[in-house]
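Take a look at the sequence and the model below.

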Amino acid sequence: MMSTSKNSLENGKSFDNFFESWLIKENQDLNQLLCVSKDDDNNNDMILSPLIHKVEKHYEEYYKEKSRYANSDVLGMLNPSWISNLEDAFLWIGGWRPSMAFHLLYSKSGIQLEANLHELIRGFTTRDLGSLTGNQLGKIDELQNKTIREERKLSENLAKVQESVADASMVELSHVVSELMREETGQVDDEEENIKTNIGKKEESLLELLKKGDDLRLRTIKEILRILTPSQGVHFLIAAAELHLRIHEWGKKKDADVSHNKWSCHTNSEGTSVKN
């Protein structure tokens, strides 16, 4: 079997620490991206490209660490304790759905196009996502279709793994163990190795899916950036970081509010005066 409860706890705690430090790095990247996006003097490839490359490296670092921890605790990585319930509700194989990157791109493009519409009508050009060319849109559409096909294939494979929880071997094993428990023969532990082997195989399948999902997430970001100009890439990375950081913050705040309300209800039910 891939992990023990002890390893799960230790790995979860360690990755939680890594995730918090990575969020700090993401915030720093966002501040740098915002600075160069607002400074016209910095709008040249010699300055923007190295910054984009650095942010890409930080994404690579994140998925490399995630893969390392997943090798010993794939279940913990699929059910992360370091994110909010809000974020958890939108998870797809342990992370964000790759096709979401295109919705983000089009949403930001529409917002910036509308904001600069008067300038564009007057013949001025912009260097943000509102200035996507027909050629770029064609490439983005092609990439989106390719990404969705890969995404659907992984979703189908995940469904097969989930359905395998009720395959013949699991049903037979659950029956044998249940019978032993009812007979109180004390032989349940004899089946422990079979349980570990059976569940371990399913964990291996989940690990493969998680790594493929993360690979698709990272490739999607990189391939979108290859289509965009460096200036457009900066605006895309800004939108991605802002969305991620704000949803994480909103989710954590919501969890804290729910926890506070539960505590208030509990103490109030015991007749204790509660200050709200």
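A helix here is a DSSP run of H or I with at least four residues, and helices are numbered from the N terminus. The model is predicted.

## The largest pocket

The largest pocket has a volume of about 760 Å³. Its lining has 30 residues, and the closest to the centre are Glu 87, Gly 95, Trp 96, Met 100 and His 244.

Which helix gives the most to the lining of the largest pocket? Helix 10 does, with five residues. Helix 10 spans 230-269. Helix 1 (5-38), helix 2, helix 4, helix 5 (100-115) and helix 9 are also among those that each supply at least two residues. By type, the lining divides into 22 nonpolar, three polar and five charged residues.

## Helix 2 against helix 9

Helix 2 covers residues 45-70, and helix 9 covers residues 192-227. They pack with their axes 10 Å apart, at an angle of about 175 degrees. Angles over 145 degrees count as roughly antiparallel, so helix 2 and helix 9 are roughly antiparallel to each other.

Helix 2 brings residues including Ile 52, Tyr 59 and Tyr 63 to the contact. Helix 9 brings, among them, Leu 207, Asp 214 and Arg 217. The contact residues divide into nine nonpolar, one polar and eight charged.

## Ser 84

Ser 84 sits in the loop between helix 3 (74-78) and helix 4 (85-89). Is Ser 84 buried or exposed? Buried means under 20% relative accessible area. Ser 84 has 0%, so Ser 84 is buried.

Leaving aside residues up to four places away in sequence, Ser 84 touches Ile 247, His 248, Gly 251, Lys 252 and Asp 255.

Definitions and conventions. Residues numbered from 1 in each chain as written. Predicted model: local features only at pLDDT ≥ 70, side-chain atom pairs only at ≥ 80, totals over all residues. Heavy atoms only, no water. Buried < 20%, exposed > 50% of the residue type's maximum accessible area, 1.4 Å probe, protein only. Contact = heavy atoms within 4.5 Å. Axes fitted to C-alpha atoms, helices over the stretch in contact; angles between N-to-C directions. Parallel < 35°, antiparallel > 145°, perpendicular 65-115°, else oblique. Nonpolar A, V, L, I, M, F, W, Y, C, P; charged D, E, K, R; others polar. 1 Å grid on protein atoms, 1.4 Å probe; cavity = no way out; pocket = protein on both sides within 12 Å on 5 of 7 lines; lining within 4 Å. Points joined across faces, edges and corners; volume = space filled by probe spheres on them.
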